[in-house]
Amino acid sequence: MLAAKIIYSFTFVLVLLVIGYSVYNYYNYEWLPKKPTMSSCVSEPDDFMKTQCFLTLAAQKEDIKICDSINNIEPREFCYSNVAVITKNLPVCYGIGETLSRDLCFSGIASESNDYELCGKIKDDSFRSQCQDNLKNKE
């Protein structure tokens, strides 16, 4: 049980770092063409950079269909979560299979819409409590 919490916490921190990096790149994407396009993302030879390109493009265009171009499931579901939060598209959260991305989706939309009850959809106890505490502190 303790090991699972440690692994989940580590994964959560790692995902937060990826989110931070993606958000940073959303506003400061020097490594991408100034206006990334589907063709520039598709032609990117490095898989990591290609994924980052699609993540950035999907966020900029607020187009969840772009996420389908990401090959790996975890970053693809993170992309769904990211675009859902940006567009406040709650139904997308319910379709995300990976627990951490789904929890991030619910948390992000809860924070953006000040919806305390939405925090209750988060599976991880500590993450749920953090979401609820953050919204309580906003009041």
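1. A salt bridge here is a side-chain nitrogen of Lys or Arg within 4 Å of a carboxyl oxygen of Asp or Glu. By this rule, the count for the structure comes to one. Keep in mind that the model is predicted.

2. Which side chains form this salt bridge? They are those of Asp-125 and Arg-128, with 2.9 Å from N to O. That value passes the cut-off because a salt bridge needs the nitrogen within 4 Å of the oxygen. Both residues sit in helix 7. They are three residues apart, about one turn of the helix. Arg-128 is partly exposed, because its relative accessibility is 22% and buried would mean under 20%. As background, side chains of opposite charge can pair when their charged atoms come close.

3. Now the overall fold. The chain has seven helices and zero strands. Its pattern along the sequence reads α-α-α-α-α-α-α. The chain holds 139 residues, and 39% of them are buried.

4. Next, contacts and surface. Take the contacts between residues at least 6 apart in sequence: 36% of these join residues at least 24 apart. The accessible surface of the chain is about 8,200 Å². Carbon and sulfur atoms account for 56% of that surface.

5. Back to helix 7, residues 125-138. Does its length fall in line with expectation or out of line? At 1.5 Å a residue, its 14 residues should span 20 Å. The end C-alpha atoms are 20 Å apart, so the two values agree.

6. Which residues of helix 7 are buried? They are Phe-127, Cys-131, Gln-132 and Leu-135. These residues cover an arc of only 135 degrees around the axis, so they lie on the same side of helix 7. The face turned away from that buried side carries the exposed residues Ser-126 and Asn-137.

7. Last, the aromatic rings. A search of the whole structure finds one aromatic pair. The ring centres of Tyr-94 and Phe-106 are 5.1 Å apart, and their planes stand at 70 degrees, so the pair is edge-to-face. The cut-off for that label is over 60 degrees.

8. Tyr-94 is partly exposed, with a relative accessible area of 47%. Phe-106, at 2% relative accessibility, counts as buried.

Notes. Residues numbered from 1 in each chain as written. Predicted model: local features only at pLDDT ≥ 70, side-chain atom pairs only at ≥ 80, totals over all residues. Heavy atoms only, no water. Phe/Tyr/Trp six-rings, centres within 6.5 Å; stacked < 30°, edge-to-face > 60°. Buried < 20%, exposed > 50% of the residue type's maximum accessible area, 1.4 Å probe, protein only. Helix = DSSP H or I, 4+ residues; strand = E, 2+ residues; numbered from the N terminus. Contact = heavy atoms within 4.5 Å. Areas by Shrake-Rupley, 256 points an atom, 1.4 Å probe, with all protein chains shown as cover. Expected span 1.5 Å × (residues − 1). Arc of directions from axis to C-beta.
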